Amino acid sequence: MPRVDADLKLDFKDVLLRPKRSSLKSRSEVDLVRTFTFRNSKQTYTGIPIIAANMDTVGTFEVARALSKHALFTTIHKHYSLEDWKNFASLSPECLEHVAASSGSSQADLEKLSSILEAIPLIRYICLDVANGYSEHFVEFVKTVHGKFPNHTIMAGNVVTGEMVEELILSGADIIKVGIGPGAGADFVMLGGMLAGHDQCTGEISERNGKKVMLFYGMSSDTAMKKHAGKVAEYRASEGRTVEVPYRGDVEDTVRDILGGLRSTCTYVGAAKLKELSRRTTFIRVTQQFNQMFS
């Protein structure tokens, strides 16, 4: 009989923030920038801790150019060629401190990653991404990459439990991708769907019921596997959804909306800096967040 963890788990739909007195006169006074010094790479990063996911519809060079203007980070998807990377680096060198090169865990992935990092030394971040970060092979792969590039900051995942986070950190990773749940006190947030459907994303714009839409899919979906491997391998199943999202124009507008919402939240709880947000926040448990009819 499998063990059942029956402890109550809350999502953001289950809670509201309790406002507090604030000395801030304006949202413009809120500082969203964070500085982190990483345990293994010893690198220091300064920026707003929002990361565009390494999905091939979202983790594009075009998205990186838009987000880096606001000191946001992008994990570039792994399907760009070395020549694509060289072209991006020559045209947008100012973006390189806010991007990571992504890789799977095969030998071919490692060879391609190595060629990119050796050709473009200004890239200092690596994103090692697999659907199941619990395999021994993946842990060993993280150790191998850290051994080869000890001064690069490694993001690794996906995992969902504390013990696996600890193992990946001890194996050389500095940022761990937690793939389920709302975050559990995370320092960074990685966005996929919120940044999908924009001009800077990959994919054609089509019309559905008179409205413009774009395709958005997980990287373990049948859409992604057919696109990059020609088919879904016989030994596996599709593990991601394919959906149509509304076309949303320039990602710049969405970024400003996200950052504006963060600043507003900080003012409501009296946090002058994003770093203070978690310490100053009190949640109230609710049964209903908003009125469906008039919101």
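**Why these labels?**

Me: What makes Phe12, Leu17 and Phe283 a nonpolar patch on the surface?
Reply: In this predicted model, the three together have about 280 Å² of accessible area (Shrake-Rupley method, 1.4 Å probe, only the protein chains shown counting as cover). A patch takes residues with over 30% relative accessible area and no salt bridge (a Lys or Arg side-chain nitrogen within 4 Å of an Asp or Glu carboxyl oxygen), joining nonpolar side chains within 5 Å and like charges within 9 Å. Residues are numbered from 1 along each chain, and side-chain values use heavy atoms, without hydrogens or water. Local features need pLDDT of at least 70 and side-chain atom pairs 80 or more, while totals for chains, interfaces and linings use all residues.

Me: Why is Phe283 called partly exposed?
Reply: Its relative accessibility is 43%. Buried means under 20% and exposed over 50%, with partly exposed in between (1.4 Å probe, protein chains only). So Phe283 counts as partly exposed. Phe283 sits in strand β14, residues 283–285 (a DSSP run of E, at least two residues).

Me: Is Ser114 buried or exposed, and how do you know?
Reply: Its value is 4%, so Ser114 counts as buried. Ser114 belongs to helix α3, residues 107–119 (H or I, at least four residues).

Me: What makes the link between the side chains of Ser114 and Lys148 a polar contact?
Reply: The distance is 3.0 Å.

Definitions and conventions:
A polar contact is a pair of N or O atoms within 3.5 Å; within protein, one must be able to donate a hydrogen and the other to accept it, and residues adjacent in sequence count only if both atoms are side-chain atoms.
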